[in-house]
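Welcome! Let us take a friendly walk through the structure below, one piece at a time.

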Amino acid sequence: MVSKAAIAPLIAVVDDDESLRRSVARLLQASGFRSKTYDSAESLLADPHRSRFDCLIVDVQLNGMSGIGLREQLSSAGVKTPVILMTAREGREEQDPAYGSPGAAVLRKSDPGEKLLAMLRETLKGFRSEELSA
């Protein structure tokens with residue numbers, strides 16, 4: 001039997017922009033991650049296997065439920081999967097308390113792919129440390 005640690009992390013990408021979903025999925029695959037994409041928060045919530053993800057990369061502004069709403073709903077349901085929120089805005093949204101709660105990091109869509117990968121690796125490292133100490 002293969003341990004979970006030996007398997008590449010599985011990342012969910014939730015964005016209503018198909019080309020962005022595809023680009024992020026390709027970047028993740030090229031960097032040794034597995035990914036599954038969703039076009040809305042509702043489609044992720046409808047997936048009975050949603051708790052298997054190691055991290056979620058979620059657009060803040062989605063058609064339907066927002067990325068922040070998705071994160072809050074999962075958290076309320078006891079899902080501890082970390083979330084990286086993506087935003088196209090260049091303002092100071094990350095100072096909003098809704099962005100800054102535990103288990104969430106904020107990335108701008110204009111940031112380079114290397115920044116996403118670094119943030120993802122750091123998020124996973126922190127999450128796995130918490131899992132081991134729990």
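Predicted model: local features only at pLDDT ≥ 70, side-chain atom pairs only at ≥ 80, totals over all residues.

Residues are numbered from 1 along each chain as its sequence is written, and side-chain values use heavy atoms, with hydrogens and water left out.

Start at strand β1, residues 10-14. Helices (H or I, at least four residues) and strands (E, at least two) are DSSP runs, numbered from the N terminus. Five of the five residues of β1 are buried, meaning under 20% relative accessible area with a 1.4 Å probe, protein chains only. L10, A12 and V14 point one way from the strand, while I11 and V13 point the other way.

Which strands pair with β1? One is β2 (residues 34-38), parallel to β1 and joined over five bridges; pairing requires at least two bridges found by DSSP. Here L10 stands opposite R34. Between β1 and β2 the chain passes through helix α1 (residues 18-30), a right-handed β-α-β crossover: with the strands pointing away from the viewer, the path from the first strand over the helix to the second runs clockwise. The other is β3 (residues 55-59), also parallel, with four bridges to β1, and there V13 has I57 as its bridge partner.

Finally, look at A41 in helix α2, residues 41-46. A41 is buried because its relative accessible area is 0%. Leaving aside neighbours within four places in sequence, A41 is in contact (heavy atoms within 4.5 Å) with V14, L62, M65 and L70.

Notes
Buried < 20%, exposed > 50% of the residue type's maximum accessible area, 1.4 Å probe, protein only.
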